[in-house]
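Today I am looking up salt bridges, helix packing and strand pairing.

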Amino acid sequence: MLRKLCVRLLVLSMIFLWVPFESAGALSGELTDIKGHWAEQDIKEWIEQGIITGYPDQTFRPEAVISRGEFVSLVNKAFKFSESKTIVAFKDLKPSDWVYTQVQTAVAQGYINGYSDQTFRQVQHINRQETATILNKLLKLDSKALFPTISFKDSSEIPNWSRAAIQNMIGFGIMEAGEGNSFQPQRQTTRAEAVVSIKRALASSLTDRYTKSGSYGTAELQSINKNVVVDAESVTLRNMHIKGDLLISEKVGKGNVYLEGVIVDGTTRVEGGGVNSIHMKNSTIPLLIVKRLNGAVRIVAEGNTKITHSEIMTSTVLEENNLEGMGFDTVIVTGEQEQAVNGVSSGNSLILIGDFSQVTIDGYITRIMLQSGNIETIRVNEGLSRMSIITTKDVKVGLLDLQSNATITGDGQFKEIVMGDGAKDSTLPLAGAGGDGFIPMPGGGGSGGVIPTPTLSPKPSQSPDTVQMSEIQASNGRIDIIFTKAPEEAPVVDDFEVNIRIGQVTAVKVTDLKLEATLQEHIFKLTVPMIEDGMTSQTVYYTVKYKPTNSSASSSFKTKQETSNVKGNVYYQPYNMVQKKYNDPLSLRDVYMIFEDVNDNQIRYQASSDRNGEYVFNNVKPGEYKLYTSIGWTTYYIDEPFEVFAGQEITLPKFIIKEDAPEVHGFENVATDRGYISGEVWYLDDFSIQLELDDGTKLKVPSYQFDQVISFNLFDYNPNQVLIKGMKLYLTIQAKNGWKERIEIPVVERPVTDSPLVKDIVYEDNVFIIVTVPDKYSTVTIFKEDGTLISRYDNSTDLERRVYLDSMFKLVAGETLSIYVQAYDKQISEPLLVEVQSPTEKSETPEMLWIEYDEYSKRVTIMNSTQVDTMIYVKTADGTTLASERTGSNHSNSQLRWGWKEGEDDTFYIYAQSRGKTISEPLIVKVPVTETPSLEGIIYSNMTEITGEYKHGVFFGVSMMVQDMDGNLISRGQVNRDGVFTIKKLTLIVNTEYQLIAHDNNKKQSEPFIFTVQEPVSSE
């Protein structure tokens, strides 16, 4: 017997969506405030899936903000994260809290952490940069930016810790920039933004995309526990078991996609491809949906392929080729009429090549071409536009059921044609078409048809003494045949013809029969196959014909129901805010209740409550189940499981969802030096506050309405107020709904934080100061003499910190900096005074590693080696800076480039300046020039080529040019690995001067070598 169980809140989310109940208005209609909203479609989809819901006033409030607790609850629910058994302690969470389990799950999954003061702050609203960081961790992207730097109008407001995550979320299209190309990192995330971004992140985590042509897969079958998207043509997927959906997207265009040995558990959608296109070989596709816009697609089933059900929405060719398996089984056309272009619409068409069990036309189509093969049944549903059905002589159709007008042409064979009233104007094949002699006979309501001319056989005469079969008695697996008397000759099994019909299904012949005699001579036992018990009890009809006497009889029995119906009632119990007690429960309607197997969460049943709060789960299999429901982002459940037995009707205990009474958290004390009033009132919004001293004096407070969180500094509103240890403040909270509470807050004095230490000299070019602090989770602040804040470093666990200074403010030698530290729950320290110094030690002169000159771009490039974190300058003789660069904190090389043209000074000065040091002596460099070449021997005018040797070390990339004295190119050659060059195709003039010039690709070209061409010496 089930014991009475109490209902408690499942720790998935905080109630910020009030539960709908009958007297307050239920969620039975469309949400009124998402129509036209940018997130409308995403919100609707998740409402339909039961992940979220709206308020009882039929609103969703998409622009309301979301808290940290609510956000992790939604993430856990969307990503189906299992409850964590690892416990992390937080000061502001206890096991009975509404969000406790979900926070533990979120932390265990590694996508969110608490704060340094060991709090989680579940009711604190989450901002956009925190949202990006959480989603980045969810997708296992760590802290690396996978996309080029994205520039926002407010990029300067994005801190380093969230910058990479924001770039990734924008790059993947999971989050979007706001108006004016601003990201608004500190703006609180809205409910709509949370739904859309988490939904997109979930889709990204569950999808493998193939964006490049190629073959993918392994020699053995591998499981893909995601959805798969093909976004490129000429892609082959091989030996994959896709546990989700497969999409062949429109990005395939008219290209080909090949599936070889692919099993898809979900839906296969074809939105791209062309007339030679999608090939499925040795593959298993339970559901195929074709929606290829602006063109037809051909889908070929080959080998041992099985495509159980195909839904065709656009023009398609379904073809079976070299098939060994089932191929296409059932096909349904559900397309809509295409939009006309220039007043013309080509219409949808379907071409079938192969064997199909059933083809149903239930949508717009203009032409069906049956090219070859056998089709058991074609059904054209009512209310459709006239279509053409064209057949060839290679087509045989068992039954054509016409309920809409059609024109049928061609030489195909139809065994039977049935016509309804909607098909009375159809054009059918002439009688005798196909060779079967069928005559079309229109009839109403689907009762007419094509009736073959019967051939009548005379009924055999029977005498009164003929043994007749008087009745049969059927049970599961057995039929007792009862004759009027004992037959003279014992019947044999072939004397009987048995047909079976289960429910309303068409009767079929039973072939596996066995006949046995019984102890009674006029009764015989027929053994037939057993009928398995199903989810519901079904009536099984047997008809038995005894052939020798042409007598027949019928009998039936019912199968057992192996499932059960489970029912219950769901209620909502509102809380009386004024009297601070619960009212009587009210029936809840339109609430989706879920009954889930505790051992297999894939086995679940859903039911919606009626106006009386009653719900029924039908056909529940035996097992142990948990009962729960989700309202908004909140889930409720009954603590203990229920056991279901086959065939039993079960009534569950009342499922009572209590409205949460307001709970006050925080407000432990207020410090004399801070004046912060901080706390939370869970399950309460729209309330105001009053604050009084213990003598009744009222203090000024924020005048706006609060929502759950109270946090303000009373010194901001009462600047002259002095708080003394031992005083008491009294905070009164008054809500619009009548709830009121007065809280006593003691005034305490916090200890003073010890002063920080700085061991290194601070120079005027410092960009950071290494500060040692006495406590973890403390804040370092640095001020100039005039009180300007130039640095703030918050909440690090490190005791030694590198505190960076604001680059807007330059340090000046001789000025004194004030450095403070304040630990959590302590007062700020006394300042550490540090005087800024001027550097005296000279920096090391940089060392040149190499220098190059590019004739094309007219730019010099130099690679230097120096100290880390050092500024390198390239200057001219007059001190003009041409280029500069700072080396990194972990490398000492720098590469600089600057422009130079012929005729300008070719000497440059390279300086280095390390932090805390003066500028170095210069490294003097010049633009590199290719060494001048030379030629051996005399050059004669009849020479058409010149060969020489370049003797200057590096040969690769050096070219040789012969020019006249005006600089016109005569011919050129290249220096080989051995330093030898040959210049061919020369036409030289006697007694004329020419110049030979060498050019290294990384240097300026050489000075010319001048030679004079001589007249050749005649032979004797």
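This is a predicted model: local features need pLDDT of at least 70, side-chain atom pairs count only at pLDDT 80 or more; totals for chains, interfaces and linings use all residues.

**Entry 1: salt bridges**

My search of the whole structure then gave 32 salt bridges.

I picked out one pair to look at. Glu260 forms a salt bridge with Arg238, and their closest N and O atoms are 3.2 Å apart.

**Entry 2: α2 against α4**

Next I turned to helices. Two packed helices are described by the angle between their axes and the distance between the axes, and I looked up both. For helix α2 (residues 68-79) and helix α4 (residues 128-138), the axes come within 12 Å and cross at roughly 25°. Angles under 35 degrees count as roughly parallel, so I logged α2 and α4 as roughly parallel to each other. Their crossing is right-handed.

Which residues make the contact? On the α2 side I found Phe71, Val75 and Phe79, and on the α4 side Thr131, Ile134, Leu135 and Leu138. By class, the residues of this contact are 6 nonpolar and 1 polar, with no charged ones.

**Entry 3: α1 against α6**

Helix α1 (residues 40-48) and helix α6 (residues 191-205) pack at an angle of about 75°, and their axes are 9 Å apart. The range for roughly perpendicular is 65 to 115 degrees, and therefore α1 and α6 go down as roughly perpendicular to each other.

From α1, the contact takes in Asp42, Ile43, Glu45 and Trp46. From α6 come Ala192, Val195, Val196, Ile198, Lys199 and Leu202. I sorted the residues of this contact into 7 nonpolar, no polar and 3 charged.

**Entry 4: an open sheet of 4 strands**

On to strands. I traced an open sheet of 4 strands in the order β61-β60-β63-β64, with antiparallel pairing. What stands at the edges? The edge strands are β61 (881-886) and β64 (923-926), each pairing on one side only. Neighbouring strands here are turned by 20° against each other on average, direction ignored.

Zooming in, I saw β63 (residues 907-914) pair with β64 in the antiparallel sense over 4 bridges. Within that pairing, Ile910 has Leu923 of β64 as its bridge partner.

**Entry 5: an open sheet of 3 strands**

I found another open sheet, this one of 3 strands, ordered β58-β59-β62 and paired antiparallel. β58 (847-854) and β62 (893-899) are at its edges with a single partner strand each, so one side of each has no neighbour in the sheet.

Between β59 (residues 859-865) and β62, which run antiparallel, I noted 7 bridges. Asn864 stands opposite Ser894 in β62.

**Entry 6: a hairpin**

How many residues does the hairpin use to join β29 to β30? The hairpin runs through 5 residues. The two strands, β29 (residues 514-517) and β30 (residues 523-527), run antiparallel and are joined by 4 bridges. For Glu516, I found the bridge partner in β30 to be Lys525.

Notes: Residues are numbered from 1 along each chain as its sequence is written. Side-chain values use heavy atoms; hydrogens and water are left out. Axes are lines fitted to C-alpha atoms, for helices over the stretch in contact, and angles run from 0 to 180 degrees between N-to-C directions. Angles under 35 degrees count as roughly parallel, over 145 as roughly antiparallel, 65 to 115 as roughly perpendicular and the rest as oblique. A crossing is left-handed if the near helix is turned anticlockwise from the far one by less than a right angle, and right-handed if clockwise. Contact means heavy atoms within 4.5 Å. Ala, Val, Leu, Ile, Met, Phe, Trp, Tyr, Cys and Pro count as nonpolar, Asp, Glu, Lys and Arg as charged, and the others, Gly among them, as polar. Two strands pair if DSSP finds at least two bridges between them. A salt bridge is a side-chain nitrogen of Lys or Arg within 4 Å of a carboxyl oxygen of Asp or Glu.
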